[in-house]
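Notebook open. I want to look up the nonpolar core, the aromatic pairs and the charged contacts.

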Amino acid sequence: MLFEVWAPRARQTALWADGRTYAMETDPARPGWWRYEAPATDGTRYGFALDGGPVLPDPRSRRLPDGPDGPGAVVDFSRFTWRHDWPGRPLPGAVLYELHIGTCTREGTFDAAARRLPHLAELGVTHVELMPVCPFPGRHGWGYDGVAPWAVHEPYGGPAGLRRLVDAAHGLGLGVVLDVVHNHLGPSGNHLPAYGPYFTDTHHTPWGAAVNLDAPGSAEVRAYLTGSALAWLRDYRLDGLRLDAVHALADTGPKHFLAELSAAVDALAARLGRPLFLIAESDRNDPATITPRQAGGLGLHAQWNDDFHHALHTALTGESAGYYADFAADPAHALAKTLRGGFFHDGTYSSFRARRHGRPLDPATTPAYRLLGYAQTHDQVGNRALGDRPSSRLSTGLLACAATLVLCAPFTPMLFMGEEWGARTPWQYFTDHTDPQLAEAVRAGRRREFAAHGWQAEEIPDPQDPATRERSCLDWTEPERAPHSALLDWYRRLIALRHAEPALTDPRWTYGALSATGQGTVCFRRGPLLVAVNLGGRPAAVPLGPGPACEEVRAAWQPVDLPGEDGVLTLPAESAAVLRCGGRLHPPATGGTLEEA
């Protein structure tokens with residue numbers, strides 16, 4: 001087997017494989033690369049020693065059986081037999097489900113998560129979006145401190161476990177998306193700096209020195225990250241990748257790394273003959289992120305839209321601290337604006353940033369499915385002091401209203417695990433750092449962060465306490481009990497309706513009607529369907545005005561009657577309904593009546 005490694009600063013490099021050491025040779029065709037051919041099979045342990053130093057894991061190791069500080073192991077992917085052919089599942093029309101392997105079940109493994117996949121298939125989602133699965137020190141963590149972008153966390157089940165999970169998902173018709181982190185590596189177990197200029201002080205990020213995308217040596221670093229992304233999609237038959245915090249990828253080169261990556265993924269999709277996609281997490285509100293490369297954009301296929309979340313969250317909860325402030329000033333306006341055009345901050349002043357922020361998105365050229373809409377994510381739950389979900393402070397009726405707005409809006413909907421039944425378990429920030437000093441620094445830093453917002457230190461869960469992770473595990477007995485079972489049924493009905501009604505997946509930003517009022521009613525028309533939501537604590541009378549009558553209640557959280565001759569729809573408090581109506585109804589911006597166009 002040919003072993004290769006990029007170590008441009010090394011004067012000599014040795015291969016260590018199964019207890020034997022071999023002096024490697026430089027590759028005359030590729031500056032900085034070393035190579036040696038040695039006997040190896042699946043499972044062979046190996047690593048590299050630079051200039052007589054200790055054996056380090058291969059930066060491209062596909063398996064780290066002993067964790068990030070131990071040697072790697074050869075993985076022969078041809079030994080795995082896929083049970084299910086998979087033609088792929090595209091992003092348009094999708095419903096995503098964000099899932100963390102370590103807390104989806106108490107076992108915290110791929111195999112345990114696979115046993116819960118029938119629940120997701122019955123729910124009706126189309127793709128499982130896995131939070132990061134790259135290796136990190138310890139057993140439990142969120143995954144964003146991974147240090148080996150080509151490998152799989154061994155406690156989850158390693159490469160074989162991930163393949164079994166993906167194969168099981170495909171057997172149920174579910175696609176799989178993986179969250180990958182290119183903007184930084186974790187603070188412990190990161191051996192890349194020993195090999196070469198993987199990081200640069202030219203730019204700085206919240207995690208320290210930036211990943212080297214534009215300084216000397218960056219060509220190899222870019223190839224390293226692109227190769228990792230393609231390997232996930234190819235070798236694990238994944239359908240897409242979620243790219244963490246792309247706004248932290250500093251790149252001043254002639255072609256941005258993201259444009260290069262999207263081109264490589266599109267080319268791989270063409271070779272494999274199945275759809276592949278990239279979803280960005282970006283706080284820039286820059287349409288260029290999801291604009292095709294041919295039109296001068298970066299060519300990513302979609303991005304998370306936190307603005308819609310913030311507008312919905314403030315309308316539901318009334319929270320106004322931090323980045324919620326601008327949305328909470330007029331939640332009805334914020335919600336209507338994000339429903340019409342995606343971004344709330346599209347060049348407007350952001351009080352949280354103390355500057356103008358964002359650029360307007362053109363609905364005429366950007367399909368709505370390129371933005372993901374959601375009421376919950378791991379960030380929006382887990383970055384709260386106590387990791388409390390909306391279900392800890394909202395009624396089941398308001399949770400049903402949130403589901404209606406997410407699943408009937410034109411965006412690609414995404415759910416966070418357990419949301420569909422109103423899980424009462426929190427999702428807290430937890431770590432398992434093996435370095436005592438790092439563990440204490442993280443603990444103190446977390447408490448210091450929230451002390452600035454009035455929290456006492458003892459109120460903040462200790463990230464290193466195993467009980468913090470245990471509290472965050474889903475309780476799979478909840479869906480069988482009231483009121484969780486009713487909410488779960490509502491999610492299933494809405495997702496089935498989304499799949500059955502083409503108007504709900506229409507990528508155009510066209511509304512036959514759209515209004516949001518300060519009294520908490522939100523109504524919009526999508527094709528023949530009228531979506532009506534009452535967030536208020538009292539019944540609401542929504543005047544539809546003259547025009548063709550509504551013909552059928554397609555779904556309702558609480559029983560509703562079709563509007564009578566007066567054209568008034570009466571919605572119970574904290575409830576939602578989807579009706580099929582004739583004609584085209586347009587409410588004025590004030591939300592008075594819906595008028596026929």
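My entries on packing, rings and charges follow.

I am working on a predicted model, where local features need pLDDT of at least 70, side-chain atom pairs count only at pLDDT 80 or more, and totals for chains, interfaces and linings use all residues. Residues are numbered from 1 along each chain as its sequence is written, and side-chain values use heavy atoms, with hydrogens and water left out.

**Core.** I looked up the nonpolar cores first. A core here is a set of buried Ala, Val, Leu, Ile, Met, Phe, Trp, Tyr and Cys residues joined through side-chain atoms within 4.5 Å. Buried means under 20% relative accessible area, exposed over 50%, and partly exposed in between (1.4 Å probe, protein chains only). The largest core has 151 residues, and Trp-232, Leu-241 and Leu-339 touch the most other members. Helix H12 (residues 396–408) supplies the largest share of this core, 10 residues. Helices (H or I, at least four residues) and strands (E, at least two) are DSSP runs, numbered from the N terminus. I also found a second, separate core of 13 residues, with Leu-530, Ala-532, Val-542 and Leu-571 among them. In soluble globular proteins, nonpolar side chains tend to be buried together.

**Leu-339.** Which residues is Leu-339 in contact with, leaving aside neighbours within four places in sequence? I take contact as heavy atoms within 4.5 Å. The list is Phe-308, Ala-409, Pro-410, Phe-411, Trp-509, Tyr-511, Leu-514, Val-522 and Phe-524.

**Rings.** I then searched the whole structure for aromatic pairs and got 24. Rings of Phe, Tyr and Trp (its six-membered ring) pair if their centres lie within 6.5 Å; planes under 30 degrees apart count as stacked, over 60 as edge-to-face and the rest as tilted. Phe-416 and Trp-427 pair edge-to-face, at 5.7 Å centre to centre with 80° between the planes. Phe-416 is in strand E20 (residues 412–416) and Trp-427 is in the loop between E20 and helix H13 (436–451), so this pair ties together parts 11 residues apart in sequence. Phe-416 is buried at 0% relative accessibility. Trp-427 is also buried, at 0%. Tyr-511 and Phe-524 make another edge-to-face pair, at 5.8 Å and 80°. Tyr-511 sits in the loop between helix H15 (484–500) and strand E21 (513–516), and Phe-524 in strand E22 (residues 521–526), 13 residues apart. Both Tyr-511 and Phe-524 are buried. I noted one aromatic cluster, formed by Trp-142, Phe-416, Trp-427, Tyr-429 and Phe-430.

**Charges over rings.** I count a charge over a ring if NZ of Lys or CZ of Arg is within 6 Å of the ring centre and within 35 degrees of the ring normal. The charged end of Arg-163 sits over Tyr-236, 5.9 Å from the ring centre. Lys-337 sits over Phe-344 at 5.2 Å.

**Salt bridges.** How many salt bridges does a search of the whole structure find? It finds 34, each a side-chain nitrogen of Lys or Arg within 4 Å of a carboxyl oxygen of Asp or Glu. Asp-286 meets Arg-359 at 2.8 Å, N to O. Each of the two lies in a loop, so the bridge ties together parts 73 residues apart in sequence. Arg-359 is partly exposed, at 47%. Lys-337 comes up again, bridged to Asp-346 at 3.2 Å. Asp-346 is partly exposed at 23%. Asp-462 meets Arg-443 at 2.9 Å. Asp-462 lies in the loop between H13 and helix H14 (466–472), and Arg-443 in helix H13, 19 residues apart. Arg-443 is buried, at 18%.
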